[in-house]
Amino acid sequence: MNNNSSIAEATQVALIKSTTSKDAVLEGISKLGGISKFVKEGDLVFIKINLRNPGGFPTNTNFDVISSVISLCTDAGAKEIYVGSFPDQHVKIKALADALDLQTLFKKCRAKLLLLDDEAKYSQEIINLNNKEFKVPSAILRCDKIISINQVNVDPVFACTLNLLNSYSIVSNEAQQIKKDLRVGRDYLHLDQYKKDLISNILAVFMIKKPDLVINDLFYVLEGAGPFNYKDSNLKKTSFMVIGNDAVAVDSITLRLLNIDISKQDLLMEARDKKIGIVDLSEIKLIGEDIDKNKLDIKFCASKLEDVTVKNTDIKKGRLCSGCFNQAYHLLNLMKSKMTKDLKYIERQSLLIGEKPHEPEFLENILIFGDCAINSTKDRTFRKIVIEKGKNLIEKAKNKIKKEKKKKSKSKTKIISNKQILELPGCPPDILKCVSSIIKYYGKDEVPGLNLYYNLISTYVDFKKIEAKKK
Ligand code: SF4
């Protein structure tokens with residue numbers, strides 16, 4: 001623990017271990033000087049939470065932690081307390097709030113849930129960043145104080161869901177998407193330009209309204225196949241919470257606690273280089289537990305798609321960027337979680353992904369994922385099937401039994417398109433559109449598990465938008 005008094009008081013992080021998540025957050029804020037250090041009487045406070053989908057605990061921020069922070073803000077004399085976030089792609093906030101009964105919960109605490117995607121109710125300001133327009137809800141911009149409460153789970157692209165990522169969802173999921181922008185002389189895939197552009201946008205949006213108080217809740221963590229509740233996800237109790245006044249510092253302490261090499265975390269390195277926050281331990285006043293004595297052993301996401309083993313599914317990869325990697329990671333985990341029975345009867349399928357993927361071993365059920373894979377396999381042999389005209393199948397079987405030598409056939413051949421191919425376009429593809437296309441390709445009766453999942457999510461997903469976008 002670094003308690004050197006010569007370190008600037010400006011950046012403080014409390015590393016807290018406790019018996020309940022509520023106690024941990026209360027103790028952490030108290031150790032940082034109490035809530036009055038962050039919230040003053042009459043302040044308008046916005047609490048930025050994770051509100052991704054109703055996929056079970058701990059996909060979203062723990063509601064015990066949120067209500068504890070709301071109570072503290074009320075005690076500090078906050079005038080109004082708002083809570084909110086933009087959810088995952090296609091998820092409607094109102095439907096999500098109804099599913100989790102959030103409006104009642106927050107009303108009880110005297111806070112208000114903002115339905116940020118209701119543009120008729122909540123006006124948005126357009127802010128130009130990185131040559132892109134971002135609509136940011138005015139309700140967030142006019143708040144005096146921002147508190148970011150982030151649930152930490154493992155993540156396939158950023159190792160874990162950091163607080164900087166939580167700040168990104170003050171803009172809609174649509175605005176968060178990265179548009180492929182090719183630069184002359186730069187290899188988009190080799191440089192992983194997708195991830196570079198994503199990091200640049202995350203940091204730009206973060207700077208719009210930096211949070212005053214930052215909480216990384218890893219009291220419970222989804223490890224293995226997180227950040228959602230997949231078949232291979234595992235809930236782990238660590239009893240830790242990391243709280244501070246600088247999101248970058250809080251994230252850097254969180255990563256160190258998880259035993260991750262910070263120098264390989266490009267999001268944090270970019271934040272340091274742009275002087276957005278503090279990364280170096282020597283510049284952070286660390287309060288509470290000793291980080292070196294409390295390193296956590298967490299199982300992270302598979303770093304290779306081939307390691308997400310899905311029954312009867314063969315993955316053929318080419319060159320790809322983080323965009324397709326992330327989406328394919330989620331699609332494969334979704335298949336593994338929701339198609340367990342379906343894949344027992346689909347004897348084999350191949351998923352081709354990235355530029356110039358390897359050849360599939362079989363000609364049936366070839367799923368081609370993403371524009372790079374689709375465009376670079378247009379002339380491949382698997383796209384055509386050679387059939388012999390007028391072939392007598394019974395005769396063929398008899399010959400096989402008698403092991404007769406095949407006579408040279410004069411039958412003509414015909415080349416037709418392989419119909420057992422499903423293209424899943426996008427750069428990168430949209431997961432729910434992929435699920436919808438896979439159901440149509442196999443037929444509802446062939447994939448009842450996946451179809452049931454699709455019907456269940458209709459309670460909170462805007463399907464009309466998905467279907468409209470497919471046209
Ligand atoms: S199609 Fe996929 S791999 Fe290709 S550039 Fe787009 S996101 Fe990257």
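**Domains, ligand shell and a helix pair**

Domain 1 (12-288) and domain 2 (305-401 + 409-470), bounds that come from an automatic or database domain assignment, both give residues to the shell around the ligand, so the ligand lies between them. This is a predicted model, in which local features need pLDDT of at least 70 and side-chain atom pairs count only at pLDDT 80 or more, while totals for chains, interfaces and linings use all residues. Residues are numbered from 1 along each chain as its sequence is written.

Colleague: Which residues come nearest to the ligand?

Modeller: A residue is near a molecule if its C-beta atom, placed from the backbone, lies within 6 Å of it, and 13 residues are around the ligand. Those that come nearest are Cys321, Gly323, Cys324, Cys372 and Cys427.

Colleague: Which elements give two or more residues to that shell?

Modeller: Helices here are DSSP runs (H or I, at least four residues), numbered from the N terminus. The elements that contribute two or more residues to the shell around the ligand are α11 (322-338) and α13 (371-375).

Colleague: How are α15 and α16 oriented to each other?

Modeller: Helix α15 (residues 431-442) and helix α16 (residues 448-456) pack with their axes 10 Å apart and at an angle of about 135°, where axes are lines fitted to C-alpha atoms over the stretch in contact and angles run from 0 to 180 degrees between N-to-C directions. Angles under 35 degrees count as roughly parallel, over 145 as roughly antiparallel, 65 to 115 as roughly perpendicular and the rest as oblique. The orientation of α15 and α16 is therefore oblique.
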